[in-house]
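Hi there,

Here is the structure I promised to pass on. Have a look at it first, and then read on for what turned up.

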Amino acid sequence: MENGQDPQANTLIVPQEQIPEFLPIVPISHRPLFPGMMIPLVLSGDKMLNTVKDILDSNSKMGGVVLIKSPGDNPNTTEALYHVGVSIKVLKIAPIDDGTIQVMVSALKRFTFVKALHDEPIIRWQVAHHDEEPMPDFETKAYSMAIISMVKELIKSNSLFQEELKLFLNRFTAEDTGRLADFVAAMTSAEPHQLQEILETFNAKKRVEKVLQLLKKEVELSKLQKKITKQIEENIAKNQKEFFLKQQLKEIKKELGLEKDEKTSEVEKFQERAARLSFSPEAQRRFDEELEKLRILEPHSAEYGVSRNYLDWLTSLPWGVYSEDNYDIRKASRVLDRDHYGLADIKERILEFISTGKMKGKLTGSIICFVGPPGVGKTSIGKSVAEALGRKFFRFSLGGMRDEAEIKGHRRTYIGAMPGKIIQSLKQVETANPVIMLDEIDKIGASFQGDPASALLEVLDPEQNNSFLDHYLDVPFNLSNILFIATANQMDTIPLPLLDRMEVMKLSGYILEEKLQIARKYLIPKQLKEHGFKRGMLNVTAPALKKIVDGYAREAGVRSLENSIRKIMRKATRRHAEGDTKAVSVTPANLEEFLGKPRFQDESQYLKKIPGVVLGLAWTSMGGVTLYIESTMKPAKVRGFKQTGQLGDVMKESSEIAYTYVSSRSREFGFPEDLFETHYVHLHVPAGATPKDGPSAGITMALSLYSLATGKAVKKNVAMTGELTITGKVLPIGGVKEKTLAAKRAKVKTIIFPLENKKDYDELPAHIRKGLDARFVNYFEDVLEAVYR
């Protein structure tokens with residue numbers, strides 16, 4: 001060569017940059033960097049900004065990037081970082097906003113932590129750099145081909161791999177296996193700790209083997225993802241196909257006139273309903289207006305739903321639809337006798353009511369109210385009346401109702417508005433002349449939301465209910481063809497204007513003989529059937545039944561009697577279930593095995609010949625009852641009078657009248673004049689836990705005080721009732737039938753009533769009066785005559 005120079009002297013040799021041993025460290029999360037990568041990093045925080053500034057101020061512009069062990073750890077300490085990272089060179093920096101910058105870096109070499117110089121104000125480590133360990137040539141190509149082969153599989157499902165592979169091959173060769181492994185690892189979706197493990201593998205062969213395992217998992221994941229995507233696309237395509245076909249079919253049917261849209265179908269449905277009804281002029285006008293509005297509105301609008309619901313209610317009501325009344329008196333009598341025993345006066349009133357309807361041609365202008373204690377059959381009689389007339393029956397309870405809208409409905413402006421109970425019942429029975437039972441009308445309430453009792457005035461007034469206006473319908477509906485039957489336990493709590501509109505029929509209760517017949521004919525057969533007993537498997541003897549009525553079910557109705565029979569059935573079914581299949585016979589001897597001890601005792605055993613003890617008769621909402629009045633006295637310096645037994649104000653006044661009357665007649669009644677002046681008198685009415693009130697115990701209290709003062713005990717089996725005045729006049733009382741029934745249940749032989757109640761007693765059925773010696777008194781002297789002489 002010229003001048004004897006080396007032929008390679010003209011070749012340009014680029015010296016490799018020297019990487020410093022001491023590096024400022026930039027902690028990163030999520031994924032580590034690999035040598036050969038060029039990537040932007042977004043950094044924020046004072047410590048990060050100070051680290052970048054330190055790198056830029058250095059001559060080499062180099063630093064280190066290390067992965068944080070756990071994203072939740074504090075990244076500003078050495079302990080939070082892995083000990084293997086990558087040295088970087090900062091190529092470019094660009095601010096994003098206050099406190100955040102984007103740094104373009106080029107990853108150079110792996111390094112290993114030697115020691116930490118300090119963590120503040122920035123992290124600075126002493127590190128040991130690692131050069132790439134070469135692989136044998138024959139292995140290099142084989143491993144490279146294996147990696148590229150698996151990458152090709154990934155390219156089929158992820159085109160991003162193809163672009164990235166092109167970029168890699170522009171910078172490196174496929175034979176650079178270590179670089180290729182780093183590149184492919186960075187492209188996978190492996191976990192950060194798995195990628196960190198690749199970074200920490202300095203031996204190229206082992207690193208490639210680990211990357212091939214990652215690639216295999218990635219290929220399997222890619223195939224599964226592709227399969228899921230395909231299934232989703234197939235389902236979407238199938239649904240779209242079905243949707244388009246259904247839409248096409250719908251349009252074809254519409255063109256052929258085989259199918260209509262939702263709005264057209266609704267309009268035609270309402271028109272068909274309306275054609276079968278006889279609207280009033282107001283209802284017809286409202287129907288036409290609402291139907292026209294429905295035609296204009298879009299089905300998805302809120303107003304459409306309101307109009308549709310209104311038309312649905314309007315066309316569901318029985319406008320002009322009536323069931324044919326059956327005025328066959330004999331059939332009505334048979335139905336009433338079949339379902340109820342006794343109650344002759346009530347049956348007579350009902351048959352007279354039906355007869356009046358037969359004469360007029362229709363039953364209008366009358367509202368019946370059954371008043372009586374629980375369990376006497378008020379509701380069941382209402383059902384029998386409906387059956388006898390051939391009418392539909394609907395019952396709803398007014399007990400506890402506090403909102404006027406329950407009767408008259410809500411206005412349509414409210415969400416969820418609907419008509420009141422009356423209109424709802426008409427929709428259900430589908431006729432405009434049903435029998436509607438208003439149960440528990442005496443327990444109706446009132447609140448700030450309105451007074452339902454006042455709303456019922458329009459419903460139950462024959463002069464007004466022919467144009468009843470429900471707030472929801474807002475068109476008059478004729479209720480005058482409905483037979484309303486109300487039930488109540490007492491009349492005291494029914495508002496007077498409401499009571500004035502009703503024809504009251506009183507059901508007083510049943511005596512012992514009637515209850516025995518009811519149990520035999522109705523209750524026992526019903527319970528035998530409900531409990532699965534066949535004929536002959538269980539028998540309740542007549543004496544046992546009488547003992548049940550007398551000892552366990554002495555109230556006016558028959559509910560307790562039915563519960564007692566039901567209890568016997570349950571005990572018997574258990575015997576059968578336990579293997580004892582013998583026929584069961586219930587007798588007075590074994591009755592307590594089934595029902596336990598009797599609840600009631602024979603009243604007469606308490607009525608001993610003790611001066612001051614008298615048996616009285618009282619009326620309650622549960623029917624008639626007997627109660628004792630007891631009085632005693634003790635010597636005292638001054639006179640005194642005390643009453644106990646939870647007496648009400650009226651009853652206390654009656655006791656004071658009796659005390660004054662008897663104490664002022666000492667000479668006439670034959671006891672010392674100073675007797676009451678020198679004694680303290682105590683009058684008690686058991687049981688003390690039961691509140692009591694009313695004026696009808698006047699003569700009973702006076703007789704108790706008379707008996708105490710004279711020492712004359714009242715004879716057995718005598719009960720009485722009557723109001724007493726201060727002059728000794730006996731005034732009439734109410735509840736004659738209920739009190740008479742109570743006396744019969746208590747086996748009383750003689751009863752004393754005010755003279756003015758004789759007409760009420762004479763109207764009682766003969767079987768109730770049978771066996772009773774009734775005395776009628778006008779003055780207290782007549783009471784003494786009836787009791788003692």
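In which sense do strands β9 and β12 pair, and over how many bridges? Please keep in mind that this is a predicted model. Strand β9 (residues 435–439) runs with strand β12 (residues 483–488) in the parallel sense, and four bridges join the two. One of the residues involved is V435, whose bridge partner in β12 is L483.

These two strands belong to an open sheet of five strands, with parallel pairing and the order β8-β9-β12-β7-β13. The edges are taken by β8 (393–397) and β13 (503–506); each has a single partner strand, so one side of each has no neighbour in the sheet. From one strand to the next, the twist averages 20°.

A helix also lies on this sheet: α11 (residues 344–360) lies across β7 (368–371), β12 and β13.

Now for a pair of helices. Helix α10 (residues 329–339) packs with helix α12 (residues 378–389) at an angle of about 150°, and their axes are 9 Å apart. Because angles over 145 degrees count as roughly antiparallel, α10 is roughly antiparallel to α12. The crossing of α10 past α12 is right-handed. On the α10 side, the contact is made by K331, A332, V335, L336, R338 and D339, while α12 brings S384, E387 and A388. By type, the residues of this contact divide into four nonpolar, four charged and one polar.

Methods:
Residues numbered from 1 in each chain as written. Predicted model: local features only at pLDDT ≥ 70, side-chain atom pairs only at ≥ 80, totals over all residues. Heavy atoms only, no water. Axes fitted to C-alpha atoms, helices over the stretch in contact; angles between N-to-C directions. Parallel < 35°, antiparallel > 145°, perpendicular 65-115°, else oblique. Left-handed = near helix turned anticlockwise from the far one by under 90°. Contact = heavy atoms within 4.5 Å. Nonpolar A, V, L, I, M, F, W, Y, C, P; charged D, E, K, R; others polar. Pairing = 2+ DSSP bridges.
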